[in-house]
Every structure is written in C-alpha cells, then in structure tokens.
Number of protein chains: 2
Amino acid sequence: MARKTGSHAEITGPRIRAAALRLFARHGYAAVSMRQIASEVGVQAGALYTYTPDKQALLFDLMRVHMENLLESWAAEAVFGDPWERLEGFTRFHVRYHLDRPDEVFISYMELRNLDTDNFRAVEALRRRYEMQLQDILADGAKVGCFTVPDTKVATMGIIAMLTGVSTWFRDTGRLSRSDVEGIYWDMTRRSVSSRFTDLPA
Amino acid sequence: MARKTGSHAEITGPRIRAAALRLFARHGYAAVSMRQIASEVGVQAGALYTYTPDKQALLFDLMRVHMENLLESWAAEAVFGDPWERLEGFTRFHVRYHLDRPDEVFISYMELRNLDTDNFRAVEALRRRYEMQLQDILADGAKVGCFTVPDTKVATMGIIAMLTGVSTWFRDTGRLSRSDVEGIYWDMTRRSVSSRFTDLPA
DNA sequence: CAATCCATTGAACGCTTGTTCAATTCAAGG
DNA sequence: CCTTGAATTGAACAAGCGTTCAATGGATTG
C-alpha cells in the first residue's frame, strides 16, 4: 500500500486521515493519542506507522492538504469581473467552503502552534497566499474607487476573521440555512467596504 | 498562604497564574505539563497543589477570571447614548481590551474544548452574556432605524469575530499603533451596519 | 528558646505517551 | 502449492504525565 507522494498528494491513508481529522478537531492535537486514532480506524497503534512517519506528519498533512485544496478550489471558481463581483464571489465561496469543512477549518486555525517550525512556515505561507487573494480584490476595488477601505491589510484580516467565524456557531439544525448565512455575510461584507458612506453621524 | 475565595476572586497564586497563562497561550493546555509551569515559577511540581486542586482548575480559573474581568470592565466604561455612540464605545473597548490581553484572549477562544463539562458551561454562559451586550446595541439600533442589520445574531457573531481577530496579527512593532487599529476597526464596524446603503451595485 | 504551622521538597505512584520491531498473518503471483 | 512481500499485531521501550504524601525546612507566634 505504499503511496506515490506527488507534490499535492496526501501521504496518509484516507481512513487514518479521517479519524485523525475528527479527533484532532474534537479534542485537539496534543490531547489525542496515536492509540485513539488507531482504535477509531480499527487497528493497533503500530499499524499507523506504515502510513505516516509520525504524529506530527499526520497533523501537517491534514493542514497542508486543506490549505492546498482551499487555494485550488478558489482558483477553480474565482470570479472575474469588477471588484464588486469578485468580492461577492470570494465572500460566498469562503463562507460556503468553511461551512462544508468545519473540522479542517478548526484544525487549521487552532493547531498552528503545534506544528514544527518548518511545517508552520509552510502552512503560514499557504495561508498568506490565500489572504492575498482577498487583499488583491480589496486593493483593486480601492484603486478603482468602488471600495473605501481605510487600510487594505487590516480590512483583509477583518473580513476573513468575520467570515471564518461562521463555523464557530453555525449548526445545520438551526434557524438559518447555509445560503441564508452566505447571503447575510455577503451583505455585511459589502457594507464594510462601501464607499457611499462618508456622511455618517460621529 | 491560604486564600479567601470570594465570588470573583482568583483562587490561584498570581505567579502560578502568570506562568500558566503564558505557557497555555504559547503551547496549549494539553501540551503543557505541571512540571513546566512549576519550573517557570521556580518551584517543584508538588508545590503547585497548595494553590490549585488540579490542572483543570488552573485553566478554568484563568478563563473564568478573564471573562469576568471583561464583563466588569465593559460595565464600568459602557457608553450610554444613541446606538451609534454605544456601538463605537463597544467596538473601541473590545479592540483595546483584546490588544492588551493577547494571552487571555487566545486561551479563552482556543481552550474551550479542554474544559470539563461544567466549567465549559460556566465560561460559555459568561461569553454569551458578553455577546449579548453587543447584540442589544445592534437590536436597539435596528429598531430605531439607524442600523440596518440583516440578522442581529449573525451580525453580532460577525462583528465580534472580526474585532477579536485583531489579536492574531497585531504586533507592537508593526506599521500601525493601537489607536490606529482601533480607529480602522471602528470604521469597518460602522460601515457594516450602516443604513445608508440600499443603493448598491448587484 | 520552644512550639506551631504551613509551604515546599523530592521521591514515588500508576498510567499513558510516541515509537520500534521481531513475529505473525494473509493475500497475490508464478 | 509454494513463494514472496507487505500489512498488521502485540509486546516492549524509555520517557513523561498528573497527582500524592511523608519528610523537611524556615519563619511566626507564644
């Protein structure tokens, strides 16, 4: 079952990945043991080492693949057009993508500090590449004059934080549907960068 | 050195609290050992148990006290007036408070899952009380007509996520001062709930 | 000075951790 | 049917975990 490791490949067996993902998301990397992962897969702990060199690689693989998929998915469906269309495309994509992958998102934001130095740098770089996608949209929109952003970088971080936060509270059993939520977040996002807004109280 | 435990008191010695805070924020609750905390204080592990019943209580104490301080600080400086003033007060308070306590904030958002059931419920309740402060402002503003929020609850979560995110990227050595950042976030927040915004493209 | 008291030590407890590896099992190929 | 080779087991390893506690120490009080 040895596995060719192409540049974008998952190194680890899919069953193991799924179990590790679930458990890391629920309890945190440091709190989950290799034996727990093995038991979820239905196997002894030693068997995991046929598929992964060690626990750290398991975490890194999950995070790296998640970020790569995120970037690829966005590249595949990125909207072209004026800044408004591009921003709406990004917003809706981001909310939808994060709603569909709560565990991956949780891990990728919470377990950064459990990555070794090199792995951390790699994931950090991927994350910055993704943030840059939004930052470019905002910068273009500001240049053209359809957006007013007091600070492009802060606006990027603010909007991404706002949107990503959706996965901390959304439940499928709740009052709102996914597309409701998508729409509401887009509404808030568009407002937050609107130009038509220099005549406010205070 | 036994300590009176009034309702809002910290149970644990301040040196231990400080060490645990630093280490939990840096490496995560599960990854930090009692021996590491003890060594940071300059003491043997056993000595910690004079001040705390166990490791879990250490975490819970940090989170509970943080949330209580947050609520008290806001109660002390909450602005009264029209919704715009109240929202600006909240926004600036939240950003400032979170910039000043990066470790507490980090822990309180990241270590929820390491709390025992009862402790989790207690912290969760405090958090909801705090979120309700903002939600009330938004609801009042929407009723009066100065805000347009498509969904009060989602707007609350969105704004809080956006503002809280400041502590993930802000560095004192960076391009912007704390009051710069405060102002920028207020600018984005005010826009995100503005009424004067029904005539947009798309 | 003696008595008291409590913070602290340092060793020990039973258990779990990540990881290794000889031995075994098991399926596929000739 | 036998051989080959890889997947898996199960035991073992050293290390570290949270927590306990008799013994020690050093200051405070009478």
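This is a predicted model: local features need pLDDT of at least 70, side-chain atom pairs count only at pLDDT 80 or more; totals for chains, interfaces and linings use all residues.
Visitor: Hi! What elements are there in chain A, helices or strands?
Guide: Welcome! Chain A has 9 helices and 0 strands.

Visitor: How much of chain A is buried?
Guide: Of the 202 residues in chain A, 36% are buried.

Visitor: What about contacts within chain A, what share of them join residues at least 24 apart?
Guide: Counting contacts between residues at least 6 apart in sequence, 71% join residues at least 24 apart.

Visitor: Let's bring in the other chain. How can chain A be laid on chain B?
Guide: A turn of 180 degrees does it, with a shift of 0.0 Å along the axis, and the RMSD is 0.0 Å. That is how a two-fold axis relates two copies. The same surface serves both of them, as 100% of the contact residues of chain A recur in chain B.

Visitor: How many residues are in contact there?
Guide: On chain A there are 33, in contact with 33 residues of chain B. The elements giving two or more residues to chain A's side are α4 (83-100), α7 (152-164) and α9 (178-192).

Visitor: Which of those gives the most?
Guide: That would be α9(A), with 8 residues.

Visitor: And by class, what is that side of chain A made of?
Guide: The side that touches chain B has 19 nonpolar, 7 polar and 7 charged residues.

Visitor: New topic: helix packing. At what angle do α3 and α5 of chain A pack?
Guide: Helix α3 (residues 55-77) and helix α5 (residues 102-110) of chain A pack at about 115 degrees, and their axes are 10 Å apart. So α3(A) is roughly perpendicular to α5(A). The crossing of this pair is left-handed.

Visitor: Which residues make that contact?
Guide: From α3(A) come Leu62(A), Met63(A), His66(A) and Met67(A), and from α5(A) come Glu104(A), Ile107(A) and Ser108(A). In the contact of α3(A) with α5(A), 4 residues are nonpolar, 2 polar and 1 charged.

Visitor: Over in chain B, how do α1 and α3 pack?
Guide: In chain B, helix α1 (residues 14-27) meets helix α3 (residues 55-77) at an angle of about 90 degrees, with axes 10 Å apart. This makes α1(B) roughly perpendicular to α3(B).

Visitor: Who's touching whom in that one?
Guide: On the α1(B) side you'll find Arg17(B), Ala20(B), Leu21(B) and Phe24(B), while α3(B) brings Leu58(B), Leu59(B) and Leu62(B). The contact of α1(B) with α3(B) has 6 nonpolar residues, no polar ones and 1 charged.

Visitor: One last spot. Where does Gly174(B) lie?
Guide: Gly174(B) is in the loop between α8 (166-169) and α9 (178-192) of chain B.

Visitor: Is Gly174(B) buried or exposed, and why?
Guide: Gly174(B) is exposed, because 11 other C-beta atoms lie within 10 Å, and a residue counts as exposed at 12 or fewer.

Visitor: What separates Gly174(B) from Phe90(B)?
Guide: Along the chain, Gly174(B) and Phe90(B) are 84 residues apart, and their C-alpha atoms are separated by 24 Å.

How values were computed:
Residues are numbered from 1 along each chain as its sequence is written. Chains are lettered from A and ligands numbered from 1 in the order in which they are written. Copies are superposed by least squares on the C-alpha atoms of residues with pLDDT of at least 70 in both. Two residues are in contact if their C-beta atoms, placed from the backbone, lie within 7 Å. Helices (H or I, at least four residues) and strands (E, at least two) are DSSP runs, numbered from the N terminus. Ala, Val, Leu, Ile, Met, Phe, Trp, Tyr, Cys and Pro count as nonpolar, Asp, Glu, Lys and Arg as charged, and the others, Gly among them, as polar. Axes are lines fitted to C-alpha atoms, for helices over the stretch in contact, and angles run from 0 to 180 degrees between N-to-C directions. Angles under 35 degrees count as roughly parallel, over 145 as roughly antiparallel, 65 to 115 as roughly perpendicular and the rest as oblique. A crossing is left-handed if the near helix is turned anticlockwise from the far one by less than a right angle, and right-handed if clockwise. A residue is buried if 20 or more other C-beta atoms lie within 10 Å of its own, exposed if 12 or fewer, and partly exposed in between; C-beta atoms are placed from the backbone.
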